[in-house]
Amino acid sequence: MEKPELIKDGKRLDGRTPKDIRPLRIEAGVLNEAEGSALVEWGGNKVLAGVYGPRECIPRHLSDPYKARLKVRYTMAPFCSPGEHSRSGPNRRSIEISKVIREAFEPVVMTHLFPRSQIEVYIEVLQAEGGTRVASLTAAAVALADAGIPMKDMVSAIAVGKLDGQVVVDLGKDEDNYGESDVPMAITHRGKEIVLLQMDGLLSREELAQNLDDAIEGCEKVYEIQADALRKTYEKEERGKLKL
Amino acid sequence: MNIERIVVPGELIWEQEMRVPNTAVVDGKTYAAVVGMVRDDKFIPLELVYKAKAGDNVVGVVTDVRHAGYSVDLGLAHDGFISSKFTRVSFKQGDLIFGKIKFTDEVGSVDITDAKRLPTGKLVSVPASKVPRIIGKRSSMLNVLRDGSGCSIFVGNNGYIWVGGKGNVQLALKTIDFIVKKAHTQGLTDAVAQYLNENGGAVTVPPKDAPEGAMPPKEETKEANPLMQPAAEKVESGQEQAEIVEKTEKTEEKLDIEEM
């Protein structure tokens with residue numbers, strides 16, 4: 001496929017302005033068996049996250065007497081995008097994403113409260129359309145909060161980047177593939193700490209600074225939706241199903 | 001006037017430093033660490049991971065008989081332990097117990113004391129954050145629940161609840177489910193009494209905060225100290241026992257209990 005014209009008259013491929021984010025919908029508490037869960041629908045992305053624990057650390061020799069171990073597994077479903085994902089399960093890319101998501105949560109989750117145990121976060125990408133790692137991180141943050149795992153701060157994530165010389169927020173699939181740069185970022189709400197920062201492509205110092213400001217602004221929008229999703233679970237009737 | 005708001009992790013609760021559980025203090029300000037409700041100067045967690053602490057009541061399942069004691073599943077990251085040194089009762093694998101936490105240590109081990117064996121009954125698990133609502137103020141909710149269903153109920157702070165005895169067990173379970181779903185609402189004791197009455201229960205004791213005449217006239221009330229009910233010692237007739245066993249089959253299957 002030829003490179004499309006990414007920015008036309010100040011509008012992007014799907015008609016957004018550079019600072020618009022795709023429609024984002026988050027629902028918390030969607031799984032019965034998980035302690036906490038969240039479904040994120042962000043543009044064409046559909047991501048499901050489930051949190052289990054704190055429970056016994058397996059294998060035992062990896063348990064830490066001072067804190068809980070955080071385990072994150074990100075996987076893409078075989079049907080999540082056209083081609084390329086014929087086999088499910090971990091691969092080089094998903095192992096990397098699992099690692100960066102885990103490292104984003106390590107400074108935030110109060111693991112010292114649960115010694116010798118592990119907290120498991122399972123993230124399943126059901127449908128992918130660019131920016132799955134930030135969608136996954138957003139889902140995982142809501143799922144952790146829904147599980148009642150104490151966190152010092154809420155984590156929100158968004159991708160920023162550059163298309164045809166223009167700095168933009170929340171890149172879609174084509175923008176990611178044909179743009180000049182893609183910078184996924186995760187920022188905490190209160191502390192404004194950057195817990196995830198990766199970069200693909202090239203950016204100047206000034207552009208990165210501009211991107212960072214945009215990311216903080218974008219994360220704030222994402223945070224509002226995350227917080228609403230968590231509050232809304234208390235309006236639902238099916239809340240807290242009895243386990244027999 | 002109670003002004004309530006629901007906060008999410010990282011949200012400011014108070015401008016000043018307050019050392020309460022499930023919050024984080026940063027730069028002299030108090031922030032929520034879990035989803036919870038702020039009512040005046042109280043923070044009520046709505047989602048919570050149970051942390052064992054000394055003095056809590058627990059309901060558990062004996063998972064292993066070891067030579068120094070018994071391992072007990074409490075639904076936590078680690079099994080609790082009953083030392084046979086301090087207990088006269090002996091347990092079998094699969095026994096349901098009600099006990100008190102004697103002490104916990106910094107790596108999460110839990111020691112249980114005063115363990116009693118519970119007779120065959122239904123074991124259910126609820127989120128630990130809902131347990132205070134199921135017990136109520138000075139166990140008001142639990143009294144209504146026991147009274148309305150006629151069951152014997154033991155509630156563990158760990159979120160395990162044992163329901164058994166002669167009453168309507170299914171009604172008690174339905175009502176517990178009702179409480180769990182409505183745990184974040186106000187005036188719940190009255191709603192529960194109404195729910196019990198509507199579903200074939202008979203609540204005789206009016207809740208303390210209910211207005212006069214809101215409840216059916218008080219009839220002969222049972223002894224008003226249900227926490228002390230010696231349910232473990234109750235002998236049940238064979239037929240009733242069989243009925244309860246039938247109802248608990250599902251639980252037992254799940255817990256993989258050997259038939260005694």
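Predicted model: local features only at pLDDT ≥ 70, side-chain atom pairs only at ≥ 80, totals over all residues.
Residues are numbered from 1 along each chain as its sequence is written, chains are lettered from A and ligands numbered from 1 in the order in which they are written, and side-chain values use heavy atoms, with hydrogens and water left out.

## Chain A: sheet and helices

Helices (H or I, at least four residues) and strands (E, at least two) are DSSP runs, numbered from the N terminus. Two strands are taken to pair if DSSP finds at least two bridges between them. In chain A, five strands form an open sheet of mixed pairing, in the order E3-E4-E5-E7-E6. Strand E3 (24–28) and E6 of chain A are the edge strands, each pairing on one side only. From one strand to the next, the twist averages 15 degrees; axes are lines fitted to C-alpha atoms, for helices over the stretch in contact, and angles run from 0 to 180 degrees between N-to-C directions. E6(A) and strand E7 (residues 117–127) of chain A run parallel and are joined by eight bridges. One of the residue pairs is A:Tyr74 with its bridge partner A:Ile123 in E7(A).

H2(A) packs on this sheet and touches E3, strand E4 (36–42), E5, E6 and E7 of chain A. The direction of H2(A) makes about 150 degrees with that of E4(A). H4(A) lies across E3 and E4 of chain A, running at about 30 degrees to E3(A).

Two packed helices are described by the angle between their axes and the distance between the axes. For helix H2 (residues 132–146) and helix H4 (residues 205–232) of chain A, the axes come within 10 Å and cross at roughly 35 degrees. The crossing of H2(A) and H4(A) is right-handed, a term for the near helix being turned clockwise from the far one by less than a right angle. Contact means heavy atoms within 4.5 Å. On the H2(A) side, A:Thr138, A:Ala141, A:Val142, A:Ala145 and A:Asp146 meet A:Val222, A:Gln226 and A:Leu230 of H4(A). The residues of this contact divide into five nonpolar, two polar and one charged; Ala, Val, Leu, Ile, Met, Phe, Trp, Tyr, Cys and Pro count as nonpolar, Asp, Glu, Lys and Arg as charged, and the others, Gly among them, as polar.

A:Tyr66 is found in the loop between strand E5 (45–56) and strand E6 (69–76) of chain A. A:Tyr66 is exposed, with a relative accessible area of 68%; buried means under 20% relative accessible area, exposed over 50%, and partly exposed in between (1.4 Å probe, protein chains only). Residues up to four places away in sequence not counted, A:Tyr66 touches A:His112 and A:Pro115. A:Tyr66 and A:Thr111 are 45 residues apart in sequence and 8.4 Å apart in space, C-alpha to C-alpha.

## Chain B: totals and strand pairing

The secondary structure of chain B comes to five helices and 14 strands. Of its 260 residues, 50% count as buried. Chain B exposes about 13300 Å², of which carbon and sulfur atoms supply 50%; accessible areas come from the Shrake-Rupley method with a 1.4 Å probe, and for residues only the protein chains shown count as cover. Among contacts in chain B with a separation of 6 or more, residues 24 or more positions apart account for 55%.

Three strands of chain B form an open sheet in the order E1-E5-E6, with antiparallel pairing. Strand E1 (4–7) and strand E6 (42–45) of chain B stand at the edges with a single partner strand each, so one side of each is left without a neighbour in the sheet. Neighbouring strands of this sheet are turned by 25 degrees against each other on average, direction ignored.

| Strand pair | Bridges |
|---|---|
| E1(B) and E5(B) (residues 36–39) | four |
| E2(B) (residues 12–14) and E4(B) (residues 29–32) | two |
| E3(B) (residues 23–26) and E4(B) | four |

B:Arg5 stands opposite B:Val38 in E5(B). In E4(B), B:Thr30 is opposite B:Trp14, and B:Ala32 is opposite B:Thr23. The hairpin of E3(B) and E4(B) has two residues between the strands, and B:Asp27 takes a positive phi near 50 degrees there.

B:Ser83 lies in strand E9 (residues 80–83) of chain B and counts as buried at 15% relative accessibility. Neighbours within four places in sequence aside, B:Ser83 is in contact with B:Ala68 and B:Gly69.
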